[in-house]
Amino acid sequence: MSVAKLTQAKRDSDLASLLEKGWSLTDNRDAITKTYQFSNFIAAFGWMTRAALHAEKMDHHPEWFNVYNRVDVVLSTHDAGGLTDLDIKLARAMDRLAS
């Protein structure tokens, strides 16, 4: 599957709404990041499981790191060398799953 990086106009419009929801640009690479906080480990792991199922359906997988009730997520499309529509869609899905 070949996916193109976001155009500057699409990048500006799509990232604006994500930045308002706690996502931020990653230093030194074309990626976005967010830290999710949950009430405990079970809640964090449950969210990760739901997010993993969604990511697998998209065939687009996050970089993430979990410690107890916190999950740090980084999204970027390695094949495209940066942010694509897949990253935007997965970020939005993760936010929906966390609410």
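Helices (H or I, at least four residues) and strands (E, at least two) are DSSP runs, numbered from the N terminus.

## Basis of the report

This is a predicted model, in which local features need pLDDT of at least 70 and side-chain atom pairs count only at pLDDT 80 or more, while totals for chains, interfaces and linings use all residues. Residues are numbered from 1 along each chain as its sequence is written, and side-chain values use heavy atoms, with hydrogens and water left out.

## The nonpolar patch

F41, I42, F45, F65, V67 and Y68 make a nonpolar surface patch of about 630 Å². Two or more residues come from each of α2 (41–58) and β3 (63–67); α2 gives the most, with three residues. Such a patch joins nonpolar side chains (Val, Leu, Ile, Met, Phe, Trp, Tyr) within 5 Å, from residues with over 30% relative accessible area and no salt bridge, the latter being a side-chain nitrogen of Lys or Arg within 4 Å of a carboxyl oxygen of Asp or Glu. Areas come from the Shrake-Rupley method with a 1.4 Å probe, and for residues only the protein chains shown count as cover.

## Strand pairing

Strands pair if DSSP finds at least two bridges between them. β2 (residues 32–37) pairs with β4 in the antiparallel sense over six bridges, and T35 stands opposite D72 in β4. Strand β1 (residues 24–25) also pairs with β2 in the antiparallel sense, over two bridges; T33 in β2 is the bridge partner of S24. Six residues lie between β1 and β2 in their hairpin, where N28 in the turn has a positive phi of about 65°.

Key
Patches are made of residues with over 30% relative accessible area and no salt bridge: like charges are joined within 9 Å, nonpolar side chains (Val, Leu, Ile, Met, Phe, Trp, Tyr) within 5 Å. Buried means under 20% relative accessible area, exposed over 50%, partly exposed in between (1.4 Å probe, protein chains only).
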